[in-house]
Protein chains: 2
Amino acid sequence: MNIMIVGFGTVGQSLAQLLLGYRDFLKKAYGMVVRVVAIVDSKGAAVSQRGLDLDMALRCKREHGTVAKMPSVGSEMSALDVLRSVEADVLVEATHTNLMNGEPGMTNIVNALQLGLNVVTVNKGPLALAMPMLKEMAEHRKLALKFSGSVGGGLPVLAFAKECAMGDRIVKVEGVLNGTTNYILTRMEEGLGFDEALAEAQEKGYAERDPTLDISGMDTACKLVILANEVLGKRVTLKDLKIEGIAEIKPEDIKMAKSSGKVIRLIGVAEESGVFVKPLAVDRSDPLAVKYAYNAVTLTLENSGRHTITGKGAGGRETATAIIRDLISIKERLIGYKIV
Amino acid sequence: MNIMIVGFGTVGQSLAQLLLGYRDFLKKAYGMVVRVVAIVDSKGAAVSQRGLDLDMALRCKREHGTVAKMPSVGSEMSALDVLRSVEADVLVEATHTNLMNGEPGMTNIVNALQLGLNVVTVNKGPLALAMPMLKEMAEHRKLALKFSGSVGGGLPVLAFAKECAMGDRIVKVEGVLNGTTNYILTRMEEGLGFDEALAEAQEKGYAERDPTLDISGMDTACKLVILANEVLGKRVTLKDLKIEGIAEIKPEDIKMAKSSGKVIRLIGVAEESGVFVKPLAVDRSDPLAVKYAYNAVTLTLENSGRHTITGKGAGGRETATAIIRDLISIKERLIGYKIV
């Protein structure tokens, strides 16, 4: 399987490391040989139809900040140049999330699908803004569009939902989908003020330097769009959601919830009657009442009740394993059967 | 798909109800028409190669305590008689759990495999006592042996593990696998004594009248055997496990754990170095620290960290949905591809 990686930050580099370390395992367990024929970063590209030396690519990125400086294979080619000139089965899109217009991920994904490549993306931007259109485009061309890593990092939320739904019907999806805000709310329960809790989250590396996307509920909303489309078959994008963040939460609100055995969590909810993000009081014993940087997604099924999946929803290596899962499922699709 | 149901208690009857209510859905979504050609209970059987009237079977069971009284199709045939005389693709084994010798489930499963039937079982007894042998038998005959409902009721624990493991390696499985003991421990945290908490669990219908299997850790151990075999590929049975229950847990132990931010949970652990059941102190914020009658299973993966699945792990209807999932996957196996 030939892949090209566009975006070579934490996740892209973690993927390269995993592919190096797990080469034998993937071949033995899944008959899968992954050849990285191109890597594109913001300053250029490295291309080799015979497969790049990933060790060297990682070193070059570390030392020079770009793979464009790799001897003999590096150049200033753009993602589109590369898409047109290499033969690849899959584009792995791992550029940064942009909620204004989804770029550069949006163009990368559209170009790849138009040129006949399957797509694995961990970039929430294009999905949050245009998931129904992108899915249609892929279906029309009979190509795979996979995005396991876009919700919950390494946590297989989407696959879990698909499995749960077999022979039953999912009627509601609720999720604590953002580790930063959950960390802040948990620390506020423990007595900190909002600003203190935020500062601590930043110190621990959970929050970005500009935590607006987290606090405002936008990051949660992006993931909720993906869940609503994929799990409930809703055709929604970011603009269809009512979004409320945690900026207005006061220590008093948290105390009041506590006095009735509840905690406040920023929850994304998708059900028949609507899709929204809102801080909600949930029972302390509810599986959604996860603490600190944990994520949780609860599915309510018609017959089998409420099922929750919980884990740390972030991290480069974790998200890279989700990409590997997607690559395996594309391989299964290419060969026409399920590897078990 | 022709199935025979052996054991027509809560789970068997729930399955019949689901098959009635979901007939159109299963046909439309999975192209699956399930014909129940025989039902066997402890007093006899009802058999019809053209498919039994499930409404009538449920009514007859309710009114007479057995399907053997069904007009024209009822008789005193045994499970083995029926296995030999009907044409079925799948045996659904739903008799009661027996940890002495696994009967009557053990004989039912072995006979079915020998006669060329695929098997779906929700009965933990035969699996806890002889899972490696039963799996080998099924593999040797190229038949499916499915048991989703045996761990976690409707919670798709085994499928979740399989999905998580794709492209990664599961190194440890930990589980809160028994709702009764977890209910007792949670209530003890809230100030009740052991006996009070147990009485309450019985009142609420969580604990059996004889709760020995729960309290002693045996029920947890049975489920752990299944997880260890299926998820970690270990060849173990009940006799290979060290099992410690919660009978010795004192209110003081729980208080002491609490003072250091921990709670005591009865946990089944399977890892490279061993498989055991034991009350352990876990951090209050740990996803395994679920409350009341919840179950939780945590998988530790080499690259993608700790993933937990949580839900109420019991109930007739919930467990019956797990049987439906298994039937769908057997259908996929019969037709040779994955229905998506």
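Q: What makes up the contact between chain A and chain B in this predicted model?

A: The contact takes 36 residues from chain A and 36 residues from chain B, where two residues count as being in contact if their C-beta atoms, placed from the backbone, lie within 7 Å. On the side of chain A that touches chain B, the elements giving two or more residues are helix H7 (157-165), strand E13 (305-312) and helix H13 (316-335) of chain A. E13(A) gives the most to that side, with 8 residues, and by class the side of chain A that touches chain B has 16 nonpolar, 11 polar and 9 charged residues.

Q: Why are E13(A) and strand E13 of chain B said to pair?

A: Two strands pair if DSSP finds at least two bridges between them, and 5 bridges join E13(A) to strand E13 (residues 305-312) of chain B; therefore the two strands meet the definition and pair. They run antiparallel, and in E13(B) the bridge partner of Gly311(A) is His307(B).

Q: Why is Lys124(A) called buried?

A: A residue is buried if 20 or more other C-beta atoms lie within 10 Å of its own, and Lys124(A) has 27 other C-beta atoms within 10 Å, so Lys124(A) is buried. Lys124(A) lies in helix H6 (residues 124-140) of chain A, and, not counting residues up to four places away in sequence, Lys124(A) touches Thr97(A), Ser150(A), Cys222(A) and Lys223(A). In an unreviewed entry, UniProt places the feature "binding site" at Lys124(A).

Q: Why does Lys142(A) count as exposed?

A: The cut-off for exposed is 12 or fewer other C-beta atoms within 10 Å, and Lys142(A) has 9, so Lys142(A) is exposed. Lys142(A) is found in the loop between H6 and strand E7 (145-146) of chain A, and has a positive phi of about 55° although it is not a glycine.

Q: Which residues does a cis peptide bond join in chain A, and which in chain B?

A: In chain A, a cis peptide bond joins Glu103(A) and Pro104(A), with omega about 5°, and Pro104(A) has its place in the loop between strand E5 (90-93) and helix H5 (105-114) of chain A. In chain B, a cis peptide bond joins Glu103(B) and Pro104(B), with omega about 0°, and Pro104(B) lies in the loop between strand E5 (90-93) and helix H5 (105-114) of chain B.

Methods: Residues numbered from 1 in each chain as written. Chains lettered and ligands numbered in written order. Predicted model: local features only at pLDDT ≥ 70, side-chain atom pairs only at ≥ 80, totals over all residues. UniProt positions renumbered as here; feature names shortened; annotations may be inferred. Helix = DSSP H or I, 4+ residues; strand = E, 2+ residues; numbered from the N terminus. Nonpolar A, V, L, I, M, F, W, Y, C, P; charged D, E, K, R; others polar.
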